[in-house]
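Keep the picture open while you read.

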Amino acid sequence: MLTKRIIPCLDIKNGRTVKGINFVNLVDAGDPVVLAKQYAEKGADELVFLDISATLEGRKTTLEMVLKVAEQVNIPFTVGGGISSIEDVDLLLKSGADKVSINSSAIKRPELINELSDKFGSQCVVVAIDAKQIDGQWRVHLAGGSIPTSLDLFEWAKEVELRGAGEILFTSMDHDGTKDGFANEALAKLSTDLNIPIIASGGAGTMQHFVDTFKIGKSDAALAASVFHFGEIEIKDLKAELRKNNIEVRI
Amino acid sequence: MNIVIIDYGAGNTKSVQFACNRLGYNPILSNIPDVISSADKVIFPGVGQAGNAMEMLKNSQLDLTIPQLKQPVLGICLGMQLLCNSTEEGATKGLGIFDVDVKRFSNQKKVPQMGWNTIFNLESNLFEGIKNDAYMYLVHSYFAELGKHTISQTKYGVNYSSALKKDNFYGVQFHPEKSSTVGAEVLRNFLNLGNLES
């Protein structure tokens, strides 16, 4: 049976791993290549590298780091941040990234999703969506969550799927950094509405939160950063707990 | 040992190359028929869309070279699918090594299948030392049906061929280069094949 995936996210700025609390007040949490290797050995199913400064400052994700990760790490990884063209993606995939994640560039020019999917296959195109609730509506936000758009989360997610995305990484900005659990209601709706895998992001604090997002949120994968980076949750313990709750995981 | 990874513009060649490096081998990348034909082992990776990949193979005349190969060949993911009779993806004719067709997963399940799933009914020296129900990493929307060349199965809605073998040709739907230490063992077994036989 296909397992649920546990995905540590390594937010990268200036070649170092950081984790924002509601996307501000960054705290340093180590060397990405060393961390990535450790996570692979500890049982992470996949890794995501997000260059969080990339969109805000127009910086490109460093290919050098991607190459080093590809050399040393034997599980799949996704790279996101500042990706806006076929050329960007081509370079990342050639450097050994398995998937790329696009966010603001897809909102600005949705055709990019079609172009990437046609050229490289939908399996390597992850569309990241940051959203928060405004007056009861889930509104998509641009540029690391700093600029609200008029897009509705569920309508945008459907469009993204139709344009050829292979997966959606949904971050609830209302939950991110709170350690209060994932946005399971919205996640369950996404998972039911769409026919591509959904990665839950934002709000992981306890092992029960992961159980809940797989059972109630119907998520296919769960992503978290600080609970893993600071050793608050060990992946081994987490997977044992998930299995105890009859959730299929790779151990 | 002279290992060649076929580099025709539609493969995750870097990841496969690095995985071989981690096992202590130094494969080269090539799309030149003579270089590929004279290798001891050939790895045929592939990601992306089947029709495009087949076009790229034809551009390098590799559609003629590959079926003639006599040394062990390992197709990975789309590489494996292109070694089959045909695939529904873009109604593409394959190289016809493995006598099975490649179909699209039904929408009863999420497509693509993305993540770790088990392989079982293992039937080849490719799986020497690999436990039944080992987890492998898979990403695909199309699958090879079961058939006489099936050497491992995986279940995603249906049971399908997660590995195939015919003579010197091997194919795996999963990504050994991305399937942690278990995947590395499968790759090592493949690279050791000739050595075991001789």
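Here is a short tour of the interface and the cavity.

This is a predicted model, where local features need pLDDT of at least 70, side-chain atom pairs count only at pLDDT 80 or more, and totals for chains, interfaces and linings use all residues. Residues are numbered from 1 along each chain as written, chains are lettered from A in the order written, and side-chain values use heavy atoms, leaving out hydrogens and water.

**Where the chains meet**

- On chain A, 39 residues are in contact with 27 residues of chain B (contact means heavy atoms within 4.5 Å).
- About 2,600 Å² is buried between chain A and chain B, with 52% of that coming from carbon and sulfur atoms; buried area is the accessible area (1.4 Å probe) that two parts lose on being put together, summed over both.
- A:L2, A:N74 and A:N195 supply 26% of the area that chain A buries against chain B, more than any other three residues.

**Charged pairs**

- Chain A and chain B share 2 salt bridges (a side-chain nitrogen of Lys or Arg within 4 Å of a carboxyl oxygen of Asp or Glu).
- A:D98 pairs with B:K178 in a salt bridge, with the closest N and O atoms 2.9 Å apart.

**The space inside**

- The structure holds 1 cavity of 30 Å³ or more; on a 1 Å grid over the protein atoms alone, a cavity is a set of points where a 1.4 Å probe fits but cannot get out, and its volume is the space filled by probe spheres set on the points, which are joined across faces, edges and corners.
- The residues that line the largest cavity (those with an atom within 4 Å of a point) include A:Y39, A:K42 and A:F228.

Conventions: On a 1 Å grid over the protein atoms alone, a cavity is a set of points where a 1.4 Å probe fits but cannot get out, and a pocket is an open set with protein on both sides within 12 Å along at least five of seven lines; lining residues have an atom within 4 Å of a point.
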